[in-house]
Amino acid sequence: MNYLQEIEGKLVHDKLTEGGGCGGGGGGGGDTTTRIRRIWVRGPIIVGAGPSGLAAAACLKEKGIPSLILERANCIASLWQLKTYDRLRLHLPKQFCQLPLMPFPSNFPTYPTKQHFLDYLKAYSNRFDLKPIFNMKVESARFDHRSGLWQVKASTTTAAATPGAGLDKKSTNNHDDGRTEMVITTTTEYVSQWLIVATGENAEESVPEIEGIESFGGPIVHTSSYKSGEIFSGKNVLVIGCGNSGMEVCLDLCNYNARPSLVVRDSVHVLPQEMLGSSTFGLSMWLLKWLPVWLVDRFLLLMSRLLLGDTSKLGLTRPELGPLQLKSISGKTPVLDVGTLAKIKTGEIKVCKAVKRLSLHAAEFIDGKVETFDAIILATGYKSNVMTWLKETKMFNEKNGMPRKGTPNGWKGELGLYAVGFTQRGLLGASADATRIAQDIYDNCWNPHHHHNHSNTHNSVPFNSNPIIYYSSTNNHPTPPTPPHIN
Ligand SMILES: Cc1cc2nc3c(=O)[nH]c(=O)nc-3n(C[C@H](O)[C@H](O)[C@H](O)COP(=O)(O)OP(=O)(O)OC[C@H]3O[C@@H](n4cnc5c(N)ncnc54)[C@H](O)[C@@H]3O)c2cc1C
Ligand SMILES: NC(=O)C1=CN([C@@H]2O[C@H](COP(=O)(O)OP(=O)(O)OC[C@H]3O[C@@H](n4cnc5c(N)ncnc54)[C@H](OP(=O)(O)O)[C@@H]3O)[C@@H](O)[C@H]2O)C=CC1
Ligand SMILES: O=C(O)C(=O)Cc1c[nH]c2ccccc12
């Protein structure tokens, strides 16, 4: 640990804001009092250590290309590790959820649990020796035309650290109990020829505006902080949103003797998880090889009708478009039923219309009904955060932070910019992106002599595996400057 801090200390004391080395990199600007560490990365910078970022790094590594992963959380796969409920399993069979180059172990069940999946991701990082820099939140990234490089500014926040050099901001948090603790934010600028966006479609919670929400007297939690129904036992809980999360949370609430009501503001496709002895997803993929989407949809709807009955009688109206067509046009994922429908049929879960307004202990719905509730769970989904930090609007839509080009072409931008995991096709889509990105960087950019499309003629590794070069100096440390407080 001391050793790491020493590196950190050395770095921040070096005179770093001057350009030099590879092309100036912007910055400089004369005023050397702003102490920003600047680090040149040999390979691509990957933002996000979720399944997508890990897959991209592994595919690059396999081609001999080092990369550097920056992750805001203090662990890999933070969505899965920190923001999912206890009973979560993959909804799709494991063969559709594995990352490139390393299949799931054969002893895993068809639908691995959250812990299985996390164990797999840990093993995946170890296998490819991936070492993300944790607690490193990317605040901005822009392409510098002068140097031809991406400049990625990231911040690390340390609580109660020893004051030192290289600090952008020092502030104090005043706690209610009178304690004060120092919060230190350090900014680091990473510079590279390539930037791979892997922050995901689920980077931030989507929180709806609902009239009167501020006056509601009970707890309001997003599904990202819901663990289990235990604390809601005996309570009336309003679950807003009927995607896969909302549906499953309702089931979980029932299992803990809470009384959930599910808001279905519009329409939803609920499909059985399996039909004819195989997974609905697998069967659909297979049928799509031979039949047009509309026909596969007709088949899915027929099977659903036989296996689940008429869901509209339960308040779950189906959209006009079929489930796969809707998924491909809008990205809206059909719900794969894991037992919720049975509880709706028995009345253990009530289905409600859209919420009109909330008050201290109640919700009024658009059909005029009023019900009392002790708690609200927002199962309203997620959104990308790319538009908040990526200073680029050609590849990414500045409104929704998604690539402008649709699947499967959204992975490649210009000037060394890539995106992995924005296909609205889950882990399968992310894996395909990661493979393509690594191949593209290898083919077109990686060889210093730019042998376009002659990938199979050069199999030597042009750089050593350490991705970091300290921009300002001759230092070439064997490890990245890991923040001193990670686990
Ligand atoms: C409850 C739930 C269940 C799911 N189940 C399945 C399933 O069974 N099968 C399937 O295929 N898909 C499933 N998905 C879809 C899900 O998108 C993928 O499983 C997968 O997590 C996507 O990986 P990702 O790396 O693209 O994004 P994420 O897993 O979200 O990882 C992105 C990472 O980027 C980090 N990050 C974000 N912003 C910054 C920043 N500014 N700086 C640094 N780091 C940043 C985040 O902290 C995060 O660790 C599920 C999603 C949810 C919410
Ligand atoms: N085990 C698994 O594989 C699981 C996978 N997932 C995946 O994770 C991703 C996120 O899922 P999820 O968290 O369910 O989010 P989704 O985005 O899939 O669903 C959000 C739901 O909230 C509704 N909603 C949004 N705003 C409001 C509002 N103001 N009032 C009422 N309803 C509202 C939406 O309705 P509308 O359609 O009308 O906008 C939609 O039904 C998906 O890709 C999903 O498939 C999630 C859980 C489990
Ligand atoms: O979880 C997601 O968002 C996915 O894209 C994977 C997925 C889960 N259920 C599905 C049904 C149809 C297509 C994709 C999925």
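Which of the 26 residues around ligand 1 come nearest? They are Ser52, Glu71, Arg72, Ser78 and Leu427, where a residue is counted as near if one of its heavy atoms lies within 4 Å.

This is a predicted model, in which local features need pLDDT of at least 70, side-chain atom pairs count only at pLDDT 80 or more, and totals for chains, interfaces and linings use all residues. Residues are numbered from 1 along each chain as its sequence is written, chains are lettered from A and ligands numbered from 1 in the order in which they are written, and side-chain values use heavy atoms, with hydrogens and water left out.

**Domains and their interface**

The protein chain is divided into domain 1 (37-159 + 183-202 + 384-445) and domain 2 (207-381), with bounds that come from an automatic or database domain assignment. Their centres, taken over C-alpha atoms, are separated by 29 Å. Domain 1 gives 16 residues to the contact and domain 2 gives 24 residues, contact meaning heavy atoms within 4.5 Å.

About 1,700 Å² is buried between domain 1 and domain 2, and carbon and sulfur atoms give 52% of this area. Buried area is the accessible area (1.4 Å probe) that two parts lose on being put together, summed over both. On the side of domain 1, Tyr85, Arg87 and His91 lose the most area to domain 2, together 42% of what that side buries.

The rule finds one salt bridge across the interface of domain 1 and domain 2; a salt bridge is a side-chain nitrogen of Lys or Arg within 4 Å of a carboxyl oxygen of Asp or Glu. Arginine 87 forms a salt bridge with glutamate 248, and their closest N and O atoms are 2.9 Å apart. Ten residue pairs are in polar contact between domain 1 and domain 2, both residues being at pLDDT 80 or more. A polar contact is a pair of N or O atoms within 3.5 Å; within protein, one must be able to donate a hydrogen and the other to accept it, and residues adjacent in sequence count only if both atoms are side-chain atoms.

**Ligands**

| Ligand | Residue | Protein atom | Distance |
|---|---|---|---|
| ligand 1 | glutamate 71 | polar side-chain atom | 2.6 Å |
| ligand 1 | arginine 72 | polar side-chain atom | 2.9 Å |
| ligand 1 | leucine 427 | polar backbone atom | 2.7 Å |
| ligand 2 | serine 245 | polar side-chain atom | 2.7 Å |
| ligand 3 | lysine 327 | polar side-chain atom | 3.4 Å |
| ligand 3 | threonine 333 | polar side-chain atom | 3.4 Å |
| ligand 3 | glycine 426 | backbone N or O atom | 3.1 Å |

For ligand 3, the protein buries 76% of the 350 Å² that the ligand exposes when taken alone; accessible areas come from the Shrake-Rupley method with a 1.4 Å probe. The residues around ligand 3 include Leu92, Phe281, Pro334 and Arg425. Domain 1 and domain 2 both give residues to this shell, so ligand 3 lies between them.

Around ligand 2 there are 19 residues, of which Arg89, His91, Ser245, Arg265 and Lys332 come nearest. The shell around ligand 2 draws at least three residues from each of domain 1 and domain 2. An oxygen atom of ligand 2 is also 3.1 Å from an N or O atom in the side chain of asparagine 244. On its own ligand 2 has 910 Å² of accessible area, and the protein covers 74% of it.
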